[in-house]
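Please open the model in your viewer and keep the selection tool at hand. The tour moves from one selection to the next and says what can be found at each stop.

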Amino acid sequence: GCCIIQGLLPSYLAELDFSLGFGGFSGTLFGLGAGLGAFGTSFLIRRVPVIRCLTLEILIGIPVLVCYLLLAGYAAAAVLVPFAGLLVGAGFPQLVVLARTAPGKLALGARMGMIVGGSWGIAGIALLLAGVIGKYFMLRSAMFLAPAAFAGAFCMLLILGRRGKRTSAVVATRRGISS
């Protein structure tokens, strides 16, 4: 989702009769929001479990991003871009935290490689698909793939959260701890 927004936002805003510079500035605001969100949530995840934090960020961020995309024809909508980035774009560093704390037999380097490499691999493929959709349909429809990607991430987080509860319950049962 972040790759689609930052890669296609300047062209999308140019289609809406804004300068390419304004589109680049808007993409930068999204990235700055994501960076600030990652920094801010690094303190939050000490108190709130990572999956719960990510789920909440994406749940709130998707409507902000959709609202921005719907209002992108107005220059004042650029105020929403950093907030969207802050909410939906802050999750990548938190995935590294999940890799560090994930149970399993894989080494930390292998887990981080899977998360980082897998994320960038999927992002690259998604950006290519969004470009094809933008070429043959409309760039606007390609931009709405970003909220769809975040909705997919939200669904995966729900599955991970449930699996984590089941895994912790099994481990507690094996250790003789009742809930």
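**First stop: a threonine and its surroundings**

Select Thr-41 and, leaving aside its neighbours within four places in sequence, you will find it in contact (heavy atoms within 4.5 Å) with Cys-53, Glu-57, Ala-90 and Gln-94. Before going further, please note that this is a predicted model, in which local features need pLDDT of at least 70 and side-chain atom pairs count only at pLDDT 80 or more, while totals for chains, interfaces and linings use all residues. Residues are numbered from 1 along each chain as its sequence is written, and side-chain values use heavy atoms, with hydrogens and water left out.

Thr-41 belongs to helix H2, which covers residues 20-44; helices here are DSSP runs of H or I with at least four residues, numbered from the N terminus. With 9% relative accessibility, Thr-41 counts as buried, a word that stands for under 20% relative accessible area, whereas exposed stands for over 50% and partly exposed for what is in between, using a 1.4 Å probe and protein chains only.

**Second stop: the nonpolar core**

Select Ile-5 and Tyr-68 next, the residues with the most contacts inside the largest nonpolar core, which has 33 residues. Such a core is a set of buried Ala, Val, Leu, Ile, Met, Phe, Trp, Tyr and Cys residues joined through side-chain atoms within 4.5 Å. At least two residues of this core come from each of H1 (2-15), H2, H3 (50-71), H4 (80-88), H5 (91-101), H7 (139-143) and H8 (145-174), and H3 gives the most, with eight residues.

Move to Asp-17, which is placed in the loop between H1 and H2. Its phi is near 70 degrees, a positive value in a residue other than glycine, and with a relative accessible area of 73% Asp-17 is exposed.

How many disulfides does the structure hold? There are zero, where a disulfide would be a pair of cysteine sulfur atoms within 2.5 Å. Select Cys-2, whose sulfur is 8.5 Å from the closest cysteine sulfur, that of Cys-3, and therefore too far for a bond. Cys-2 counts as partly exposed at 23% relative accessibility, and Cys-3 counts as partly exposed at 22%.
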